[in-house]
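Student: I am new to this structure and would like a close look at a single part, the nonpolar core. Please take me through that part and then connect it to its surroundings.

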Amino acid sequence: MMQPSGIITAIDVGTTKIFTLVAGVDDTGALEALGHGIVPCDGLSKGNIEDIVETQRAIRESVQEAQRQAGVQIKSAFVGITGTHISFENRRDVLDWVGSHGVITDRDISRIPETVANASKELGRKVLHALPISYSLDGEEGIKDPMGMHSNRLEVETHVVSGSSMAVDRLVRAVESASVKVDGVVLGSIASSESVLTPLERARGTAVIDIGGGTTDIIVYKGGTIAYSAVIPIGGYQFTNDICMTYNTTFEAAEEAKITQCSTEPDTVRPHEEITLPVLGRAAGLKVPRRDLCQLTRERAMELMRLIMITLKDADVTDFDNFRLVLTGGGSNMDGLEDMIKRTLTSNVRTAAPSGFMEIPLGLQQPEYATGFGILLWGATHSGTATATYSPINGNGPGNGRRSVAEGKVPVSAGGGRSRFFNPFRRGGR
Ligand SMILES: Nc1ncnc2c1ncn2[C@@H]1O[C@H](COP(=O)(O)OP(=O)(O)OP(=O)(O)O)[C@@H](O)[C@H]1O
Ligand SMILES: [Mg+2]
């Protein structure tokens with residue numbers, strides 16, 4: 001049993017649930033889950049907070065439950081954000097101040113995300129992450145780590161993630177209403193990728209596809225860094241809603257039927273199997289062939305697949321031989337989905353739950369908890385430095401993009417404090 005020297009908390013504010021996770025960190029940086037709270041929440045639509053009161057309630061209850069289990073008071077937390085208000089751009093900036101003293105230093109590199117974030121500021125938007133992809137030195141392209149090099153002209157290509165200021169503030173206020181200070185805001189899908197990917201997958205090229213309740217979030221890694229991201233406004237909710245609309249049944253019944261009876265493969269179901277769904281405004285239930293339900297599911301899954309393919313094409317992913325898809329999020333539990341992708345898109349696909357960096361409590365070894373654990377991991381790496389604190393209210397200071405800088409050169413750049421957690425994947429085992 002470890003002796004925690006610090007506490008880190010993650011809150012995943014998802015479209016279907018609020019997931020709070022408290023962990024202790026010991027002197028070696030190892031994480032141990034101490035408690036969690038999972039509370040269904042109806043306050044979001046497509047990842048955006050629409051009912052503030054309902055969201056506040058669910059956050060409060062989720063935090064209280066995690067506190068009760070852990071026996072500690074949660075004073076602050078790292079928080080995940082998603083939603084259709086999130087947008088992304090890849091941009092190039094000339095960094096004329098870098099290397100002015102002859103050689104590019106670690107300190108220069110650590111200042112780059114903030115510089116780029118400031119340069120990409122827009123009215124009404126907040127930069128959440130500025131993640132360097134690669135550098136160009138005096139015209140030489142594609143340099144991953146320019147540390148120690150000489151240059152007269154350094155340019156950086158950066159992946160910048162931003163959200164609507166209103167949505168970010170709303171999220172921060174909702175968390176603060178539970179008397180929890182916000183340590184940092186992280187994009188949910190970046191967090192998910194933290195808890196499910198191996199370093200080899202990042203290096204070779206991988207897309208993390210987080211199929212949530214309200215949205216499907218995609219993050220593409222190329223050459224070890226995030227090169228592309230997108231939010232598709234379709235998630236598990238639409239699958240359930242199709243059943244509701246088609247059979248005029250309740251959301252609860254449709255959700256249960258989806259989870260227990262549906263698959264994307266109608267042919268695997270015997271022709272005469274039927275299930276009974278309650279019908280709104282009628283006493284008698286409706287008998288529905290299970291095959292028909294699966295057919296509905298299949299059509300929705302194919303639509304989602306098409307949108308995923310379009311997104312990957314936009315990300316310049318065309319050669320799947322060396323490129324992997326990693327499915328996560330609650331929607332990735334859908335029976336048959338992984339096989340459908342295997343048959344139509346690529347065999348290089350796996351469905352992932354969080355694993356590899358700490359002991360995950362039994363009930364939480366599921367894809368729907370990837371974001372929560374990823375936020376924890378992201379928080380653990382970022383709480384080690386004084387500059388890591390995000391200050392969303394006064395707006396000075398972008399989110400923290402330093403991690404991506406570290407990513408290209410993980411073992412050396414911790415600068416003493418950044419890598420206090422135990423992550424055998426990332427650091428080649430310990
Ligand atoms: N076995 C299953 N089969 C099909 N769908 C499932 C299964 N288990 C969970 N889901 C779906 O997963 C979705 C919830 O996933 P998750 O908890 O990852 O979403 P969220 O994080 O709350 O939402 P978002 O990330 O979109 O904001 C729901 O639509 C739920 O119906
Ligand atoms: Mg989610």
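Tutor: Two residues are in contact if their C-beta atoms, placed from the backbone, lie within 7 Å. The model is predicted. By that contact rule, and not counting residues up to four places away in sequence, Leu376 touches Ile8, Ala10, Leu21, Ala23 and Leu31. The largest nonpolar core has 97 residues, and Leu376 is one of the four that touch the most other members, together with Val79, Leu171 and Val175. Helix α10, residues 370–382, gives this core its largest share, 7 residues. A second core of 11 residues is separate, and includes Ala257, Cys262, Cys294 and Leu296. As background, nonpolar side chains tend to be buried together in soluble globular proteins.

Next comes a sheet. Four strands make up an open sheet with antiparallel pairing, in the order β7-β10-β8-β9. Its edge strands, each pairing on one side only, are β7 (87–94) and β9 (140–143). On average, neighbouring strands of the sheet are turned by 35 degrees against each other, direction ignored. Between β7 and strand β10 (residues 154–164), which run antiparallel, there are 8 bridges. Within this pairing, Glu89 stands opposite Val160 in β10. Helix α2, residues 106–119, lies across β7, β8 (125–137) and β10, and runs at about 120 degrees to β8.

The ligand site can be described by its shell. Ligand 1 is surrounded by 24 residues, the closest being Gly14, Thr15, Gly212, Gly236 and Gly330. Two helices, α6 (236–247) and α7 (251–261), each supply at least two residues of the shell. Sorted by class, the shell has 17 polar, 4 charged and 3 nonpolar residues.

Most residues other than glycine have a negative phi. Lys46, in the loop between β4 (44–45) and β5 (48–49), has a positive phi near 50 degrees. Lys46 has 21 other C-beta atoms within 10 Å, so it counts as buried, the cut-off being 20 or more. Ser179, in the loop between α3 (165–176) and β11 (181–187), is not a glycine either, and its phi is positive at about 60 degrees. Ser179 counts as exposed because it has 12 C-beta neighbours inside 10 Å, and the cut-off for exposed is 12 or fewer.

Methods: Residues are numbered from 1 along each chain as its sequence is written. Chains are lettered from A and ligands numbered from 1 in the order in which they are written. This is a predicted model: local features need pLDDT of at least 70, side-chain atom pairs count only at pLDDT 80 or more; totals for chains, interfaces and linings use all residues. A nonpolar core is a set of buried Ala, Val, Leu, Ile, Met, Phe, Trp, Tyr and Cys residues joined through C-beta atoms within 7 Å. Two strands pair if DSSP finds at least two bridges between them. Axes are lines fitted to C-alpha atoms, for helices over the stretch in contact, and angles run from 0 to 180 degrees between N-to-C directions. A residue is near a molecule or strand if its C-beta atom, placed from the backbone, lies within 6 Å of it. Ala, Val, Leu, Ile, Met, Phe, Trp, Tyr, Cys and Pro count as nonpolar, Asp, Glu, Lys and Arg as charged, and the others, Gly among them, as polar.
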